[in-house]
Amino acid sequence: MEWSIATCALGGSLEEKLLAIAQAGFRAVEVFEEDLAGFPGTPRELRALAEDLGLRIVALQPLRDYEGMPEPYRSRNRERALRWLDLVAELGTELTYVCSNTSPLALDDPEAIAEDLHVLAEMAASRGLRVGYEALAWGRYVKDWPRAWEVVRRANHPHLGLVLDSFHCFVRNNPLPESTDLPGEKLFLVQLSDAPNLLMDPLALSRHHRAMPGQGDWPMEAFLRAVLATGYRGVISLEIFNEWFRTAPPEWVAQDGMRSLKLLFDRLGLLVPLLPPGSRVQGVAFLELGGHEEDLEALKDFLRPLGFKPVARHPALEQELWASGSVRLLLRGDLEENPAQELPSVLGVGLSVTKAAPLAARAREVGLELLPREEGGPGFPAVRGVGRTRLYLVDEPLETALPLKPLGEPGSALKQVDHLTNVVSRFEVYSWLLLYKGWLGLEVNPVVEVFDPYGMFYSRSLRNPEGTVQIAINTAEGRETLASRFLQALGHAGIQHVAFQVSDLLAFAEEARKAGFRPLRIPSAYYRLLSARYALPTPFLERLEALNVLYDEDPKGGVFLHLYTPSFQGRFFFEVVERQNGYAGFGAANAGVRLQAQARELGSRTKG
């Protein structure tokens with residue numbers, strides 16, 4: 001089975017796209033008409049370029065608004081179809097396809113539609129070509145694959161078949177069933193694209209939110225399984241329309257495309273499994289924070305009111321282990337390779353795993369970079385995460401992996417790391433969704449969209465089945481948003497915030513205040529609105545306000561309490577949370593309030 005990608009999925013010139021596609025390991029490509037139009041050469045020269053790169057052009061797409069038109073448009077369409085087929089032949093491919101008509105002039109006449117397609121197939125056959133017919137979800141009359149298949153059967157020509165696109169199936173809630181009687185030999189091309197579950201017009205969703213398989217919310221495995229059940233063994237092609245993909249480096253998009261297909265076929269058992277049984281991520285073993293000497297002294301003052309205490313020190317290097325409950329922070333001042341402007345920052349995360357070696361091998365298989373063992377650092381396999389972040393694979397205690405000298409007992413305030421956030425550029429959201437799912441087997445939560453005071457904030461979160469590893473991937477539009485300011489300060493993607501879990505947040509907040517803790521200030525108006533939203537008892541509301549604690553509920557009675565620290569030198573901040581009655585979210589209802597409070601805090605610092 002041959003894997004392909006359409007040139008419309010990538011940004012750049014057609015030459016740049018083809019090079020990136022070939023370097024990612026594809027051996028087939030669909031050429032989009034606009035890319036051909038902008039190519040500085042003839043179709044024959046494009047064919048030669050593709051062949052030099054080891055690529056076979058499997059289709060030229062698409063012929064639009066052809067079938068079911070009244071005269072004089074019908075005759076004109078047959079004339080332009082002849083010229084289109086000549087172009088296809090010159091390009092050296094044997095397949096093109098027609099998208100169902102969207103013209104307001106189109107006729108709801110199945111006989112005329114079938115006749116037009118039969119005539120087109122006859123013209124194609126005389127040139128040794130084939131024609132596919134694809135139902136567009138926003139077509140004038142043919143909007144889904146069953147109607148398109150009906151038309152193809154009515155036209156009854158061996159050179160006419162069906163083009164099946166997962167997007168148009170799912171967006172119309174009409175997926176291909178495994179029990180379909182659709183014969184595989186009448187499928188001329190199968191295209192794959194995923195998308196998030198958003199309530200949106202199909203055309204707008206298609207133009208702006210298509211994604212690679214595994215980057216959205218649709219059951220792509222079930223779709224491909226149904227396709228294979230027909231007997232189809234032809235080209236599987238990725239057709240993605242998404243402006244964020246076109247702003248990314250084309251080699252990055254092409255690599256994600258190849259990775260998505262490998263992972264999809266892996267999940268169907270059609271490739272050698274990338275992850276042996278028993279290899280899984282269990283929790284967060286430690287966080288690695290780095291800075292210069294003065295940064296670390298200020299950071300220690302920042303940590304003490306949260307219940308952290310120093311428990312061990314490296315005898316020769318500037319490394320200290322601080323702890324509270326089961327939460328471990330490795331503070332490092334020995335990292336000279338990081339540019340000065342990147343410090344202080346959260347530099348790494350130790351992921352507790354059952355077996356490190358299989359996950360390291362899987363990381364390599366999905367295209368992640370394995371980092372060399374660092375002299376003097378934690379002796380665990382490490383993968384390059386977002387930006388310069390190190391993701392350590394920890395299968396033994398940190399205290400045994402580093403020669404640390406004990407200093408004292410840990411604090412007891414915190415239970416565990418609840419979640420952490422990666423702040424990335426918009427395109428990287430799609431890439432890291434796929435990587436975390438494919439590498440660590442994490443499950444994806446629905447999209448969260450929140451108004452930032454200076455733009456728009458987007459979040460997708462992932463978790464392991466037990467909820468002991470939770471990673472939110474955040475991005476934003478607008479240069480002055482909190483996420484954008486973080487990216488500008490660091491120079492690349494990274495970890496912006498870490499949340500710790502406690503058993504009793506109000507008691508924790510009171511003890512932390514006695515120790516000198518000053519939380520992020522939440523406006524009084526928030527608590528007035530909270531009273532109206534949930535009818536909470538007045539004494540409880542007053543206590544929440546006095547401690548700057550935010551509150552949320554879910555429909556099942558789950559409760560979420562959380563508070564935030566101010567940002568540490570504008571680089572990162574911490575959150576402390578309490579979950580009651582199975583609450584599984586992240587307090588999305590309070591994200592806008594938090595963002596506004598942080599914008600005021602950072603704004604006042606700038607003015608100061």
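1. Two strands are taken as paired if DSSP finds at least two bridges between them. On that basis, and bearing in mind that this is a predicted model, strand 15 (residues 382-384) and strand 16 are joined by three bridges and run antiparallel, with Val383 standing opposite Leu391 in strand 16. The two strands form a hairpin with five residues between them, and Gly387 in the turn has a positive phi of about 60°.

2. Because five of the five residues of strand 16 (residues 390-394) are buried, the strand is largely enclosed by the rest of the structure. The cover extends to both faces, with Arg390, Tyr392 and Val394 buried on one side and Leu391 and Leu393 buried on the other.

3. The model also contains a closed barrel of eight strands, which runs 1-2-3-4-5-6-7-8 with parallel pairing, and its neighbouring strands are turned by 30° against each other on average, direction ignored. Within it, two bridges join strand 3 (residues 56-63) to strand 4 (residues 95-99), and Leu60 has Thr96 in strand 4 as its bridge partner. Helix 4 (residues 73-91) lies across these two strands, running at about 165° to strand 3.

4. In helix 18 (residues 524-534) the buried residues are Tyr526, Tyr527 and Leu530, and they lie on the same side of the helix because they cover an arc of only 95° around the axis. The face turned away from that buried side carries the exposed residues Arg528, Leu529 and Ala532. Ala535, which follows helix 18, has a positive phi, near 55°.

Notes
Residues are numbered from 1 along each chain as its sequence is written. This is a predicted model: local features need pLDDT of at least 70, side-chain atom pairs count only at pLDDT 80 or more; totals for chains, interfaces and linings use all residues. Side-chain values use heavy atoms; hydrogens and water are left out. Helices (H or I, at least four residues) and strands (E, at least two) are DSSP runs, numbered from the N terminus. Axes are lines fitted to C-alpha atoms, for helices over the stretch in contact, and angles run from 0 to 180 degrees between N-to-C directions. Contact means heavy atoms within 4.5 Å. Buried means under 20% relative accessible area, exposed over 50%, partly exposed in between (1.4 Å probe, protein chains only). The arc is that of the directions from the helix axis to the C-beta atoms.
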